[in-house]
Amino acid sequence: MPAGATLDPARKILDLDAAVRWRRGARGVVVFTNGVFDILHRGHVAYLAAARGAGDHLVVGLNSDASARRLAKGSGRPFNAEADRAFVLAGLACVDAVVPFADDTPLELIRALEPDVLAKGADYAPDAIVGADLVTARGGRVVRVPLAAGYSTTNLIAKVRRGET
C-alpha cells in the first residue's frame, strides 16, 4: 500500500448505489454472503475467510438492527449497533465491501449486485439459501461453507452469562 494510503474501514461500508457502482468496476469473481455478525468471533472470521477464498472479492450483506431483531436472535440482540458491526467487518482484510440492508432477506441486494458466487454456512440446506436460484440462473455457483465447530454468537453469549471464561 502506498505511503499515505488510508486503511480506514469506513471506506468499505457502502450503501446500495455505491455497492452497485463498486460491483460494476470489480474485476474477477465476486462472492456475496450475508448475516448479522453481532459479536465477531473466530467462527465468523474463519467463515468469512473461507467465503473469500471462493473468489477474488467478498461483499458482506449486513442485516440492519431492525432486520436482525426480526430474525429473533435472542433477547436484546443485536448487542452491537449496525454501524459498529459494519465497521468491524470492514476492518477485516478478507472483506472488500460491507452493505447494510433493512429487508428480512438479502434477496434484493443479491439481485442488484449479481455476485458470481453466493456463500452461506453449511448449516443452511441448499434449497433454503436465499438468492441461490438467481445466482445459478446467471451461471454462478452456490458454496456452502463448513462452520468452525463450537463457535457461535449464541453459545458465546450463553457462556458469558454463565460466567465461564
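**View 1. Glu114 is partly exposed, with a relative accessibility of 40%.** Here, partly exposed lies between buried, under 20% relative accessible area, and exposed, over 50%, computed with a 1.4 Å probe on protein chains only. This is a predicted model, in which local features need pLDDT of at least 70 and side-chain atom pairs count only at pLDDT 80 or more, while totals for chains, interfaces and linings use all residues. Residues are numbered from 1 along each chain as its sequence is written, and side-chain values use heavy atoms, with hydrogens and water left out. Glu114 sits in the loop between helix 5 and strand 4; helices (H or I, at least four residues) and strands (E, at least two) are DSSP runs, numbered from the N terminus. Although Glu114 is not a glycine, its phi is positive, near 45°. Most residues other than glycine have a negative phi.

**View 2. Phe37 is a further non-glycine residue with a positive phi, of about 50°.** Phe37 belongs to the loop between strand 1 and helix 2 (42-52). Its relative accessibility is 8%, so Phe37 counts as buried.

**View 3. Pro106 occupies the loop between strand 3 (97-101) and helix 5 (107-113).** Pro106 counts as buried because its relative accessibility is 5%. Beyond its neighbours within four places in sequence, Pro106 is in contact (heavy atoms within 4.5 Å) with Phe32, Asn34, Phe101 and Val130. Asp96 is ten residues from Pro106 along the chain, and the C-alpha atoms of the two are separated by 17 Å.

**View 4. Lys12 is buried and has no salt bridge.** A salt bridge requires a side-chain nitrogen of Lys or Arg within 4 Å of a carboxyl oxygen of Asp or Glu. The nearest side chain of opposite charge to Lys12 is that of Asp96, 6.1 Å away; for charge, Lys and Arg count as positive and Asp and Glu as negative, while His and the chain ends are not counted. Lys12 lies in the segment before helix 1 (16-25). A polar atom of the Lys12 side chain is 2.7 Å from the backbone oxygen of Ala90. With residues up to four places away in sequence not counted, Lys12 touches Ala90, Leu92, Val95, Asp96, Ala97 and Val98.

**View 5. Strand 3 runs parallel to strand 2 (residues 57-63), joined to it by five bridges.** Strands pair if DSSP finds at least two bridges between them. Ala97 in strand 3 is the bridge partner of Val59. Four of the five residues of strand 3 are buried, leaving the strand mostly covered.

**View 6. Strand 4 (residues 117-121) is mostly covered, with five of its five residues buried.** Leu118 and Lys120 point one way from strand 4, while Val117, Ala119 and Gly121 point the other way. Strand 4 pairs with strand 1 (residues 30-35) in the parallel sense over two bridges, and Leu118 of strand 4 is the bridge partner of Phe32.

**View 7. Strand 4 also pairs with strand 5 (residues 141-145), in the parallel sense and over five bridges.** Arg141 in strand 5 stands opposite Val117. From strand 4 the chain passes through helix 6 (residues 132-137) to strand 5, a right-handed β-α-β crossover. Right-handed means that, with the strands pointing away from the viewer, the path from the first strand over the helix to the second runs clockwise.

Conventions. Polar contact = N/O pair within 3.5 Å; in protein donor to acceptor, adjacent residues only side chain to side chain.
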